[in-house]
Amino acid sequence: MRHLTEIRWHGRGGQGAKTAALLLADVAFGIGKHVQGFPEYGPERMGAPITAYDRISDSEIRVHSNIYEPDFVAVVDDTLLHSVDVTAGLRKEGAVLINTEMKKEEILPLLKGYEGAVYIIDARKVCMETLGKYFPNMPMLAALVRISKVMERDVFFREMETSLRHKFARKPEVFEGNMQALYKAFEAVELVSRPTGRVSSMPSKDIEYRYTASLQSGQLAHAAGMHV
């Protein structure tokens, strides 16, 4: 049985793809996993294509290269589909997750015949409904955890809260909005192409997250503070 999960992120500078990869590694480490989270080496410019990686395993990770045959790919910006082969090396048993407002008929021809599962999420819609501003990395992170199953749902939210409270202790004012974004994104993922070619969708239920405990200093930071 393969206990190593490899993930590749594609985004543009300023969208937070690198930060999402590092946060995923952070929360996985928090539950006892062996992890790697790192960007591809090179200069990063606002709007320029960037790549980041995660490895998550139950045992020691001995490889330290970039990831060439990922189990999952997350595409934070769908304009990259026209210029980057985002499914290069992607395992058929895995999946690609795309942040997009496009329909499946527009998306599938851009994936160079990829035969695995294809998921989409409208991260902009999630952000505007919960945060009022567009920061796609947090919705994409939640959606990726949903489809990859690298950890249980409740564990993910618990560890995200703990991690982000610590990292952004001085920005507690938008805790509730960020948690709403994470919960909503987790439920908003849509499966548009199965490996067999059948078209379906994941059950989608709009969850309203109500944070009932008193807000304390050191709670979740706004996604703007997490962009790189």
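In which hand, left or right, does α3 pass α6?

1. The model is predicted, with local features requiring pLDDT of at least 70 and side-chain atom pairs counted only at pLDDT 80 or more, while totals for chains, interfaces and linings use all residues. Residues are numbered from 1 along each chain as its sequence is written, and side-chain values use heavy atoms, leaving out hydrogens and water.

2. The crossing of α3 past α6 is right-handed (the near helix is turned clockwise from the far one by less than a right angle). Their axes come within 9 Å and cross at roughly 145 degrees (lines fitted to C-alpha atoms over the stretch in contact, with angles from 0 to 180 degrees between N-to-C directions). On the α3 side, Val 126, Glu 129 and Thr 130 make the contact, and α6 contributes residues including Gly 177, Lys 184 and Ala 188 (contact: heavy atoms within 4.5 Å).

3. Helix α6 (residues 175-188) has 14 residues and spans 20 Å from first to last C-alpha, close to the 20 Å expected (1.5 Å times one less than the number of residues; helices are DSSP runs of H or I, at least four residues, and strands runs of E, at least two, numbered from the N terminus). Of its 14 residues, 11 are buried (under 20% relative accessible area, 1.4 Å probe, protein chains only). Among them are Phe 175, Met 179 and Glu 187. The covering elements include β6 (117-121), α3 (123-130), α4 (137-148) and α5 (153-167).

4. Helix α5 has 15 residues and reaches 21 Å, close to its expected 21 Å. Its buried residues include Phe 156, Glu 159 and Leu 164, and their cover includes α1 (17-30), α4 and α6.

Key
Buried < 20%, exposed > 50% of the residue type's maximum accessible area, 1.4 Å probe, protein only.
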